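Please work through the following exercises with the model at hand. Each task is followed by a stepwise solution.

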Amino acid sequence: MSEKLTGFQLEQFKNLLHDRFYMVRSDLYKEILSIDKEYGSKIAETVYQAATAALAHLLAGLKRIDLNHYLNEIKDIEAAQTRITENQYGICQDCGYPIYFKRLLAFPTAKRCVACQRLYEKAKNE
Ligand SMILES: [Zn+2]
């Protein structure tokens with residue numbers, strides 16, 4: 001049985017998610033500039049300074065399928081940060097049991113434990 005996360009571990013995940021957000025945002029910034037210099041430079045500055053929610057909003061407004069993976073990633077990070085502030089981080093949203101620490105380390109935005117994730121993906125693919 002996995003244990004609930006300690007305050008120290010939560011603090012680690014907070015930093016991890018924070019770093020992850022900066023990484024995704026910087027990749028997105030580079031990609032937007034590479035798509036189209038003129039179009040890109042208009043919004044790149046905004047992208048570079050946007051916080052999580054603002055950036056998700058901006059990206060959703062662009063409606064570009066090729067940038068969707070950034071939007072999903074940013075939404076996942078934002079949701080994980082919300083779970084931390086609401087004291088729900090590391091708890092499986094389907095069964096309510098703690099998610100294994102190792103799984104969270106590998107996948108800090110995980111919403112489900114391994115077993116529930118398998119069921120979820122199985123149901124999705126049927
Ligand atoms: Zn579960």
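**Exercise 1.** Determine the helix and strand content of residues 92-116 and how far apart the end C-alpha atoms are.

*Solution.* Over residues 92-116 the chain is 36% helix and 0% strand, where helices (H or I, at least four residues) and strands (E, at least two) are DSSP runs numbered from the N terminus. The end C-alpha atoms of this span are 8 Å apart. The model is predicted: local features need pLDDT of at least 70, side-chain atom pairs count only at pLDDT 80 or more, and totals for chains, interfaces and linings use all residues. Residues are numbered from 1 along each chain as its sequence is written. An unreviewed UniProt entry lists residues 92-116 as "zinc finger region: dksA C4-type"; UniProt annotations may be inferred rather than shown by experiment.

**Exercise 2.** Describe residues 88-122 in the terms of Exercise 1.

*Solution.* UniProt (unreviewed entry) places "domain: Zinc finger DksA/TraR C4-type" here.

**Exercise 3.** Is Tyr120 buried, partly exposed or exposed?

*Solution.* First, locate the residue: Tyr120 lies in helix α6 (residues 114-124). Next, apply the cut-offs: a residue is buried if 20 or more other C-beta atoms, placed from the backbone, lie within 10 Å of its own, exposed if 12 or fewer, and partly exposed in between. Tyr120 has 14 C-beta neighbours inside 10 Å and therefore counts as partly exposed.

**Exercise 4.** Characterise the packing of α1 (residues 7-35) against α2 (residues 37-49).

*Solution.* The two axes, lines fitted to C-alpha atoms over the stretch in contact, come within 7 Å and cross at roughly 165 degrees; angles run from 0 to 180 degrees between N-to-C directions. Therefore α1 is roughly antiparallel (over 145 degrees) to α2. The residues in contact (C-beta atoms, placed from the backbone, within 7 Å) include Leu28 and Ile32 in α1, and Ile43 and Val47 in α2. By class, the residues of this contact divide into 10 nonpolar (Ala, Val, Leu, Ile, Met, Phe, Trp, Tyr, Cys and Pro), two charged (Asp, Glu, Lys and Arg) and two polar (the others, Gly among them).

**Exercise 5.** At what angle does α1 pack on α4 (residues 68-85), and which residues make the contact?

*Solution.* The angle is about 160 degrees, with the axes 10 Å apart. This makes α1 roughly antiparallel to α4. The contact is made by Leu10, Phe13, Lys14, Leu17, Arg20, Phe21, Val24 and Leu28 of α1 with Tyr70, Glu73, Ile74, Ile77, Ala80, Gln81 and Ile84 of α4. These comprise 11 nonpolar, one polar and three charged residues.

Note on methods: Angles under 35 degrees count as roughly parallel, over 145 as roughly antiparallel, 65 to 115 as roughly perpendicular and the rest as oblique. Two residues are in contact if their C-beta atoms, placed from the backbone, lie within 7 Å.
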